[in-house]
Amino acid sequence: MKRQTILIAGIVVCLGGCTLAPKYTRPKAPVPVDWPKGTAYQETLSTANATDVQNMGWREFFTDNKLQKLIETALTNNRDLRIAALNVEWSRAMYGIQRAELLPTINANGDGSIQRLPADLSGTTPPKRVTVERYDANLGVVSWEIDFFGRIRSLKDQALEEYLATEQARRSAQILLVSSVANAYLSFAADRENLALVETTLATQQDAYNLIKRRHDLDLVSELDLYRAQTQVDAARRDVARFRQLVAQDKNALNLLLGVPASDELLPTELSGITPPKEVSPGLSSEVLLRRPDVLQAEHQLKAANADIGAARAAFFPRISLTAAIGTASSDLSGLFKAGSGAWSYAPQIVMPIFDARMWSANKAAKVQREIAVTQYEKAIQSAFREVADALAVRGTVDQQVAAQQSLVNAFAETYRLSNSRYDKGIDNYLSVLDAQRSLFAAQQGLVSLRLAKLANQVQLYAVLGGGWKIESQPAP
C-alpha cells in the first residue's frame, strides 16, 4: 500500500504541470506604432517627453479641490463600481473552487448496520437464522481525478484568466467613473455659466424693450420695433428656462454618479473658476495602449479561451480517478478501535473515451471561441487607438478654435455696440440691432462650449490613455 501511494504521488508530481493547451502568443497589434500625423496633430506631437499617464493617480491629474472631493465620494458610493468590485470577488471565489478540483476531497465517515438473515440465506451449517452486525469508521478519498493530461489544470487556468479579466474590468469601470464625474462637473459649470449669460441677456433685453416701449408710447418709434424687441425678450426668457432645466439635469446626473446628493458648496459656478487638469502627453508609441485595462481584459479573455482548448483536448484522453479509504471495521461497536480491526480499500478507475461526437464539437467550439477572443482583442486595441487619435485631433486644434471664437465674440460685441449707437441716433433701424444681438449671444454660447470642449478633452485624453484607475500616483521608475 505504501509503495503504491508513493508511486501515485510521483506520477502526480511529474505530470501535474502538463496541459494540452496551445502555447499562448500575444497577437500583433493591428494599429500603427506611431500616432497619426498631420496638421490636426502638429501641436500635439511636438512634445517629445512622454507622460506616464497610467501611473498618474487621479489626485495628481485633477488639481481642482472640489472635483477631487466629488471623485472620492463617487469611488466610495457609486453602485456601478461597487458591482464591478463584487464581480471581482465572485470571480476570485469561482477560481478558488476550480483550483480546489486539483486536490483530493478527504471525508471522515462512520456507519453501522444490523441485518437479519433467514436460514436459507445465512450460509451456516446447519442452516439457521443469524443477525449480522457491522460497524465502520473510515477516512477516505472519493473519486479523486488525477489530472494526468491537464484537463482540470486547464479549467483552473481558464478560471484564473476570467478572474484577472474581471479585475481589469473593475479598473476600466473606475476610469470611466472618474472621467464621467469630471465631465459631469465641467458640464454643470458650463451650463451654469450659460444660465448666467442668458439671465444677463434677458435683463439687457428687458431694459431695451422698456426703453423702446416708452418711445413707442411717445410715437417716437414704430410698433414694428416694439414687437421686434419683444421677440428678443421672449427668446431670452425661453433660454433661461431651458438652461435652468439643463443645470437641474446636470446635478441629477452628478448625483447618480456620486451615489449620494452632491453638496452645494462643492458645485462650480462657472468654467473659469475651475482649476484645469494637468496636461498629459501620449508619448511617441501606441504600445502604451496594450496596458489599458480594457485591452488587458480582452487579453485575459483570450488566454481563458486558449486554456479552454487544453480542457477540450484533454477530454480525448483517459480519465483516471481514485477512491480509497482507511479505517477500522468490527462486528461489535465496542471492538471498533481494538487491535486488529484495521481495514482499507483501494479502487482506482480509468475511463477511456472510445466515441463521443460531443467531444469533437466541443473541441471545435473551443477553437472558434479562441478566434472570437482574438478578434475582440484586436478590436479593443483598434478602438483604443481611435479614441486616442480623436482626442489628439481635438487637442491639436481646440486652442485655435477658442482663439478664433474669442475674436468672433469681440467682433460681434463691437458690432452690437455700433448698431445700438446707430439706432439711438436714428441712422439705422432696429433690425440690425436684433441681428447683432442674436449673433453676439450665439457667439458667446459657442465660446463657452469650446472652453468646455478643451477641458473635457484633457479629461478624455487622460482616460483613453488608461489613467484614472490608481488612487494615488506611484513614484517614477
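I began with the surface, where I106, L139, I326 and W344 form a nonpolar patch with about 470 Å² of accessible area together. A patch takes residues with over 30% relative accessible area and no salt bridge, nonpolar side chains (Val, Leu, Ile, Met, Phe, Trp, Tyr) being joined within 5 Å; accessible areas follow the Shrake-Rupley method with a 1.4 Å probe. The model is predicted, so local features need pLDDT of at least 70 and side-chain atom pairs pLDDT 80 or more, while totals for chains, interfaces and linings use all residues. Residues are numbered from 1 along each chain, and side-chain values use heavy atoms, without hydrogens and water.

I placed L139 in strand β2 (residues 130-146), strands being DSSP runs of E with at least two residues and helices runs of H or I with at least four. L139 is partly exposed at 47% relative accessibility (buried is under 20%, exposed over 50%, partly exposed in between).

I next looked up T125, in the loop between α5 (119-122) and β2. T125 is exposed, at 81%.

I then turned to salt bridges, each a side-chain nitrogen of Lys or Arg within 4 Å of a carboxyl oxygen of Asp or Glu. I noted 27 salt bridges. R244 and E199 form one of them, at 3.6 Å from N to O. R244 lies in helix α7 (residues 223-258) and E199 in helix α6 (residues 151-217), so the pair ties together parts 45 residues apart in sequence. R244 is exposed at 51%, whereas E199 is partly exposed at 35%.

In helix α9, R417 and E414 are three residues apart, about one helical turn; their closest N and O atoms are 2.3 Å apart in a salt bridge.

Definitions and conventions: Patches are made of residues with over 30% relative accessible area and no salt bridge: like charges are joined within 9 Å, nonpolar side chains (Val, Leu, Ile, Met, Phe, Trp, Tyr) within 5 Å. Buried means under 20% relative accessible area, exposed over 50%, partly exposed in between (1.4 Å probe, protein chains only).
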